[in-house]
Amino acid sequence: MTRIIDYHIHTSFSDGFFSPRDMILAAVERGIQEVCITDHYSTWKPALSVMELEEYYATLDEIRMNESLPTKIFIGIEVDLSSIDFLDSLKDFQWDLILFEYVFTQSSWEKKFQQVLNFKKKNPKFNVGLAHTRFTRVPESKVDYVFSKISEFEIIVELNTGYGNYMDKWFNYLDDEYWYSIGSDSHHKNSLGNTILALNFLEKRKIPFNRIITL
Ligand SMILES: [Zn+2]
């Protein structure tokens, strides 16, 4: 029996439908043992601005400190690298998880991947992951390079259960050498804690559940 976790959740701080408190209480009700709230930062979607980071962090930290809930609460963020000007501001907070989205799905994937690696190099204390991982744009000639860097920099591969068809052909490269995170990408209470697709994937690939990160 593995932990019931959900490390990718949105709230009204970005494009989610409910307040952080409502989402967390819904997770408690569903018996989810650990949640990580990961609202959007600096993207074209409704997202946190640099100015809002402090309020976001403080709000979640307050819920975590003041309410004795059976669910562990972690504070994360999901970054779109399209606007990297504000990446430096992330250093000022104790994030439990920083997810980078759309790294390999755009033509500029090499540049974005390098930015992720640079960020991790400069900030080794952070857990850095790939949100709703897909390797869409990675050509065969670069696959070995990409996976060796993911391993070397301990970049977490998110198995996103909100995307039913997330597994492209390069997922065959994933094994017990890598670290994984599981997230539902929930914007609504209804989809919280749905982890079955990710667990099935790990089982099928014979990857032990202890390769799922603990925040
Ligand atoms: Zn998301």
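**Close-up views of a predicted protein model**

From the N terminus on, the elements of the protein chain follow one another as β-α-β-α-β-β-α-β-α-β-β-α, and the model that shows them is a predicted one.

**View 1. The whole chain, with its 5 helices and 7 strands.** The C-alpha atoms of the protein chain fill a box of roughly 50 × 40 × 25 Å, taken along the principal axes. For 215 residues, a compact globule would have a radius of gyration near 17 Å, and the 16 Å of the protein chain agrees with this. Of these 215 residues, 39% count as buried. When the contacts in the protein chain with a separation of 6 or more are considered, 74% of them are made by residues 24 or more positions apart.

**View 2. The open sheet of 7 strands, with parallel pairing.** The strands of this sheet lie in the order β1-β2-β3-β4-β5-β6-β7. At the edges stand β1 (5-9) and β7 (180-183), and because each of them has a single partner strand, one side of each is left without a neighbour in the sheet. Neighbouring strands of the sheet are turned against each other by 30° on average, when direction is ignored. As a general rule, the strands of a sheet pair through backbone hydrogen bonds, either parallel or antiparallel.

**View 3. Strand β1 beside strand β2, joined by 3 bridges.** The two strands run parallel, and β2 is made up of residues 34-41. Within this pair, D6 stands opposite V35 in β2, while the bridge partner of I9 in β2 is I37.

**View 4. Strand β2 beside strand β3, joined by 8 bridges.** These two strands also run parallel, and I37 stands opposite I75 in β3.

**View 5. Helix α1 and its buried residues.** Which residues of α1 are buried? They are P20, M23, I24, A26 and A27. Around the axis they cover an arc of only 160°, which puts them on the same side of α1. The buried residues of α1 pack against β1, β2, α2 and β3. After the helix comes G31, whose phi is positive, near 75°.

View 6. In general, most residues other than glycine have a negative phi. Is H132 buried or exposed? A residue counts as buried if 20 or more other C-beta atoms lie within 10 Å of its own, and H132, with 20 C-beta neighbours inside 10 Å, therefore counts as buried. E154, by contrast, has 14 other C-beta atoms within 10 Å and is therefore partly exposed.

Definitions and conventions
Residues numbered from 1 in each chain as written. Predicted model: local features only at pLDDT ≥ 70, side-chain atom pairs only at ≥ 80, totals over all residues. Helix = DSSP H or I, 4+ residues; strand = E, 2+ residues; numbered from the N terminus. Rg over C-alpha atoms; globule rule 2.2 N^0.38 Å. Buried ≥ 20, exposed ≤ 12 C-beta atoms within 10 Å, placed from the backbone. Contact = placed C-beta atoms within 7 Å. Pairing = 2+ DSSP bridges. Axes fitted to C-alpha atoms, helices over the stretch in contact; angles between N-to-C directions. Arc of directions from axis to C-beta.
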